[in-house]
Amino acid sequence: MIAYESLQQVNKEFMDEYTAAFQEVLHGGWYILGKQVAKFEQSFASYCGVPHCIGVASGLDALVLSLRYFGFNPGDEVIVPANTYIASILAVMQAGLKPVLVEPDINTYNIDSKKIESAITARTRAILVVHLYGKICDMDPILQLAGQYGLKVIEDCAQAHGASYKGKKAGSFGDFGAFSFYPTKNLGALGDAGAITCKDEGLNKSIRTLRNYGSSAKYVFNEVGYNSRLDELQAAFLSIKLKRLDKITTHKQKLAAIYLRELKSDFILPTVQTGQEDVFHIFAVRHPERDRLKQYLIENGIGTEIHYPIAPHQQKAMQGILSEERYPISEEIHRTILSLPISYGHTEADITRVVEVMNRF
Ligand SMILES: *Cc1c(COP(=O)(O)O)cnc(C)c1O
């Protein structure tokens, strides 16, 4: 059986270091916002090529706090991709703003930069891009549009740790980069965790206040803040894994190369563009008979996932909010997409076996 993912397998090589880090934090007696968090924030900022990183409680919080920072008026509009994980859209709503969905490019699955301009209105304040599956969006035209219309740019980098576009890494393009360290992400913790990257010292200071109850000094509250802090244990685990992130990425890229080279042409493969380095958080193929393919793979001992089976605007939670809208390209992706095994815990032989079975479909 080749499982889609086994976190036990992924974390095996880190276990001794994790155990030592646990002992250190336990005996240190300081568990939230301490030296482990400060150390991780510094190394992750430097990894992303930005001056600042602020640890928060989750990827969703990283998005909400970024949006909250700007103090937009209730009902102001934020452009988000129609093809994304629900969190990107929920963040806009939880910040009291209105999500305006834009269709993806059918080849990259990311927001179609050519369709953004027609979605901009007098109330548009920001563009929230999502670097889905580990591929950075078409940032040059997006940043150009944002500049032209005076819009803020927030990057949802939850699936793109270390991905690059023209030599720059995810989280270094917009006003804010929002990261999740949910255990299955390329840089995964052992629980919930997230971070925000930014280039501006003022933004850095404000987010630090916002994540800690709006507190500027102990028991002094200058604004209505959140409790969204990264804890010492998760930061210690993340520092250990960050040192190996490039190795994790290289491994996943090597597995992706096998799929790209060897899968037969019946499957629609992810596009690879020059000047971009994808980190393959997910390796997604498309096929018109996706459900039958998934079942066939299960019968042959191969686990897969669907990211995602139901488009955000068709979710029950969005009834009456986005349910009247139609996004045929996003719907087509949701109907045909399938994620193949591509974990740090998989070997090249595992992938070769998946290819063999897939090519007999
Ligand atoms: C995982 C994910 C999030 C949310 O991260 P959490 O840490 O689970 O809150 C947001 N956006 C995308 C695209 C994700 O994949």
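Me: How many aromatic pairs does the structure hold?
Reply: The model is a predicted one. Rings of Phe, Tyr and Trp pair if their centres lie within 6.5 Å. On that basis, the number of aromatic pairs in the structure is 18.

Me: Is the pair of Phe 40 and Phe 181 stacked or edge-to-face?
Reply: A pair of aromatic rings is described by the distance of the centres and the angle of the planes. For Phe 40 and Phe 181, the centres are 5.4 Å apart and the planes make an angle of 85°. Planes over 60 degrees apart count as edge-to-face, so the pair is edge-to-face.

Me: How many residues apart are Phe 40 and Phe 181?
Reply: Phe 40 belongs to helix α3 (residues 35–48), whereas Phe 181 is in the loop between β8 (176–180) and β9 (194–198). Both residues are buried. The pair links distant parts of the chain, and its separation is 141 residues.

Me: Which residue lies over the face of Tyr 47?
Reply: Tyr 47 is part of a cluster, linked by ring pairs, that includes Phe 44 and Phe 179. At 4.4 Å from the ring centre of Tyr 47, over its face, lies Lys 169.

Me: Are helices α4 and α7 roughly parallel or oblique?
Reply: The axes of α4 (residues 59–69) and α7 (residues 201–211) come within 10 Å and cross at roughly 120°. This angle means that α4, relative to α7, is oblique.

Me: Is the crossing of α4 and α7 left-handed or right-handed?
Reply: Residues of α4, among them Leu 65 and Tyr 69, meet residues of α7, including Leu 203 and Ile 207. The crossing of these two helices is right-handed.

Terms used. Residues numbered from 1 in each chain as written. Predicted model: local features only at pLDDT ≥ 70, side-chain atom pairs only at ≥ 80, totals over all residues. Heavy atoms only, no water. Phe/Tyr/Trp six-rings, centres within 6.5 Å; stacked < 30°, edge-to-face > 60°. Helix = DSSP H or I, 4+ residues; strand = E, 2+ residues; numbered from the N terminus. Buried < 20%, exposed > 50% of the residue type's maximum accessible area, 1.4 Å probe, protein only. Lys NZ or Arg CZ within 6 Å of the ring centre and 35° of its normal. Axes fitted to C-alpha atoms, helices over the stretch in contact; angles between N-to-C directions. Parallel < 35°, antiparallel > 145°, perpendicular 65-115°, else oblique. Left-handed = near helix turned anticlockwise from the far one by under 90°. Contact = heavy atoms within 4.5 Å.
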